[in-house]
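This report describes selected local features of one protein chain. The sequence and the model are shown first, and the discussion follows.

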Amino acid sequence: MKKKQVLNRTFFSVALLALILLSSCSKKWTLEEKEGYNVVKNEGGQTLGYSLQSGVTLLEDKGYAFKDLNRNAQLDKYEDWRLPFEERAQDLAAQMSIEQIAGLMLYSAHQSIPSRGGGPFGRATYNGKSFDESGAISSNLSDQQIKFLREDNLRHVLITTVESPVVAAKWNNNMQSFVEGIGLGIPGNNSSDPRHRTSADAEFNAGAGGTISMWPTSLGLAASFNPEVVKTFGDIASKEYRALGIATALSPQIDLATEPRWGRFNGTFGEDPQLDRDMARAYVDGFQTSEGSAEIAGGWGFTSVNAMVKHWPSGGPEEGGRDAHFAYGKYAVYPGNNLSDHLIPFTEGAFKLNGATGCASAVMPYYTISDKLDKVYNENVGNSYSTYLIKDLLRGEYGYEGVICTDWGITKDNPAINSFGTTSWGAEHLTVAERHYKIIMAGVDQFGGNNDKGPVIEAYDMGVEEFGEEFMRKRFEQSAVRLLRNIFRAGLFENPYLDVAETEKIVGNPEFMAAGYDAQLKSVVLLKNKDNTLPLKEKALVYVPKRFFPASTGMFGFGGSEAKWDYPVNLDIVKKYATITDNPAEADYALVYIESPDGGSGYSPDDVKAGGNGYVPITLQYKAYKAVDAREVSIAGGDPLEDFTNRSYKNKTVTATNTTDLDLVLDTKKAMGDKPVIVVVNVSKPMVFAEFEKAADGILVSFGVQGQAILDIISGKAEPMGLLPFQMPANMKTVEEQFEDVPRDMECHIDAEGNTYDFAYGMNWSGVINDERVKTYK
């Protein structure tokens, strides 16, 4: 009897154990079919997405579903969403061939969707034909995209223009399906330069959506002097980016804009290190942080966008303001011996976040040769080539372990001193493969604008020859882990696919559009308001003179226009705020819209033809400017294409291409007599106001906002609250005498009302603003 009881108990225990095991192994996931892909929802786990065409199947472990990305019928660590990002990245990196890692280290040249033409980024074809001839649909992959994804193992794609959010989402799904079905199933990590620009003549409607929400430029965000505004932008922009299939932002541009003539000043947060620091931190926190159900771990997740902060160690101190996209602007100089201020936005801002992600996940060095900063190896080379700036300073002293990606095209040969996009500064004597090798050994992980894995593999072979295969394999895996980690963090290995209907709901939705418009209002700076001219009185009669628009070739030769006289603002919108007249004699006010001076690039082929060295001033005023106070001898110089090193432009003359804007203000003042003239200046960099300030009763500065935002303020519907994020110089003499690397070192313009156009200056209807923002930063 006792033996029978023991057997019964044993049987019951085994049965109970089997029941428990069966229960623990029961299916814990559900499957939902979408258009072209399946969605798997794991109970209490991660949501998966996989293509119906890729050949990927599901694996089960303890009731949960996983994607068999390498199709080996077993659950690899990198496929296990329960494991930490780092462990998964290390497992996958160890499985990758050198050819696959080389492809991971590429970042594509600019890709438009669809690719309709040629231009500087190459001609795209579809089945060997142009897009228009091929019969392809807009979301198809081009022949070139298929090649670099399959043959070159490229997985990082830079997206420029898209036909629509829907097309972008469908293209993303097509691309992800393609790469999921080849190799180890590594998903694509799409990126974008900033894309939330406004359309000046668009009308804001709180109930209207759009292609994407519209915000002021980075200078405009800085003019709010409110990091929370920037964090809100980052949070919204990240959701829109992910709805477009973009998981990396090639931003923010946190170069400290200490050189007022620099052509990329407009993309910065201005010239103050502390303001730049706080804006950088808020921007990256907004972009990278996922919350709630979207979070996977450590603040990362399905709404996270990797932020690639740029440009280490700052592109701000360009000598004479010339830009390093061109050989004539290849040098950044430090006459004030002030590198420290330029590092603050990185080391104290983007690398020390308030949010859970902790640190910006990627960094892009600038093209420049940071002249004579390297006292260790004494190399004067482009920043990405510099062992001192990358390995010793960024990796070593500051312990940065994220991705470092070169700026675009820095390994290409440079054919001319004014050639765009071929920027191997300081390494012109090396072969393309040798340039790749030097960059890798300096500690950089990725090559911007390179679709070809060949030179990366050649660089690997050079390393094997010098250090042995074990060393070089370890070096490549180190970069692979960094790059893969960012893809894992964004949840792309789990579900890179987009629900097109959700994309339509998210991108440019009314809530996001309203937030962008509110930021535009907060960015406008009122500089002058003589006798409380503003806001406009009710039922005002307003004269809006036409502005001259010079002929333009457009960016990279696209979007050019012929010279014309036209209204600078949408008159249909103006009519909702005032009555318009074409007769200044009967007007109560004049509204004059102008742009800040376009003072040139600092280099002129015509000067070369005339026997000069090609170097000319960049002016911040409208009238002809002669550089009598410029340096006799430039701080930096020298290029394989030049037989001299002195790049001085002393005593040369240049005139802004839009000098007609100055004439417009002065002529309008004559026509209006004693009646008030309101000048609205769309500003891209500091400018000299002395030429027309006395002719204006009111002056407002905008940073790429909709015309309606200006009118809301002029009419009194909204109150101005923006502050200048940089100084406005009194004259060009102070511009020439300031140091390129030192912030806030110019004599500022003092207007007829006695107000100084200095950093953190701005007015509201009560007068000069002196609130907590001013006290904090000034």
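## Buried sites, helix packing and backbone geometry

Val-701 counts as buried, because its relative accessibility is 0%. The model under discussion is predicted. Val-701 belongs to strand β28, which covers residues 698-702. Leaving aside neighbours within four places in sequence, Val-701 is in contact with Ser-523, Val-524, Val-525 and Leu-527, and also with Val-681, Val-683 and Phe-689. Lys-129, by contrast, is 572 residues away from Val-701 in sequence, and the two C-alpha atoms are 47 Å apart in space.

Ile-678 is located in strand β27, residues 677-682. Its relative accessibility is 0%, so Ile-678 counts as buried. Not counting residues up to four places away in sequence, Ile-678 touches Thr-533, Leu-534, Ala-590, Leu-591, Val-592, Gly-698, Leu-700 and Ile-714. Two of these partners, Gly-698 and Leu-700, fall within the residue range 698-702 of strand β28. Ile-678 and Lys-528 are 150 residues apart along the chain, with a C-alpha separation of 9.2 Å.

A further buried site is found in a helix. Val-230 is part of helix α8, residues 227-243. With a relative accessible area of 0%, Val-230 is buried. Beyond residues up to four places away in sequence, Val-230 touches Leu-221, Phe-269, Met-279, Ala-282 and Tyr-283. Between Val-230 and Gly-183 there are 47 residues of sequence separation and 40 Å of C-alpha to C-alpha distance.

Is Asn-450 buried or exposed? Asn-450 has a relative accessible area of 11%, and it is buried because the cut-off for that class is under 20%. The residue lies in the loop that runs between β18 (447-448) and α13 (454-467). From there, the side chain of Asn-450 reaches the backbone nitrogen of Asp-452 at 2.9 Å. Apart from neighbours within four places in sequence, the contacts of Asn-450 are Leu-106, Tyr-107, Leu-154, His-436 and Val-456. Of these, His-436 falls within the residue range 432-442 of helix α12.

Helix α12 in turn packs against helix α14, residues 469-489. The angle between the two helices is about 75°, and their axes are 11 Å apart. Angles of 65 to 115 degrees count as roughly perpendicular, and α12 and α14 are therefore placed in that class. On the α12 side, the residues that meet α14 are Tyr-437, Ile-440 and Met-441. On the α14 side, they are Phe-471, Met-472, Arg-475 and Phe-476. By class, this contact comprises 6 nonpolar residues, no polar residues and 1 charged residue.

Attention now turns to backbone geometry.

| Site | Backbone feature | Value |
|---|---|---|
| Ile-113 and Pro-114 | cis peptide bond | omega about -10° |
| Trp-312 and Pro-313 | cis peptide bond | omega about -10° |
| Asn-651 | positive phi | phi near 70° |
| Ala-760 | positive phi | phi near 75° |

Pro-114 is in the loop between β7 (111-113) and α4 (131-134). Pro-313 is in the loop between β13 (306-312) and β14 (331-332). Asn-651 lies in the loop between β25 (625-626) and β26 (653-654). Ala-760 occupies the loop between α21 (732-737) and β29 (763-764).

How do Asn-651 and Ala-760 stand in terms of solvent accessibility? Asn-651 has a relative accessibility of 41% and so counts as partly exposed. Ala-760 is buried, because its relative accessible area is 2%. In each case the positive phi belongs to a residue other than glycine, as is stated for Asn-651 and for Ala-760.

Finally, the confidence of the prediction is as follows. The average pLDDT of the protein chain is 94, and 93% of the residues score at least 70. Over residues 10-24, pLDDT stays under 50, and the model has 2 contacts beyond four places in sequence for this stretch. Residues 203-209 also have a pLDDT below 50, and this stretch has 16 contacts in the model beyond near neighbours in sequence.

Definitions and conventions:
Residues numbered from 1 in each chain as written. Predicted model: local features only at pLDDT ≥ 70, side-chain atom pairs only at ≥ 80, totals over all residues. Heavy atoms only, no water. Helix = DSSP H or I, 4+ residues; strand = E, 2+ residues; numbered from the N terminus. Buried < 20%, exposed > 50% of the residue type's maximum accessible area, 1.4 Å probe, protein only. Polar contact = N/O pair within 3.5 Å; in protein donor to acceptor, adjacent residues only side chain to side chain. Contact = heavy atoms within 4.5 Å. Axes fitted to C-alpha atoms, helices over the stretch in contact; angles between N-to-C directions. Parallel < 35°, antiparallel > 145°, perpendicular 65-115°, else oblique. Nonpolar A, V, L, I, M, F, W, Y, C, P; charged D, E, K, R; others polar. pLDDT = per-residue confidence, 0-100.
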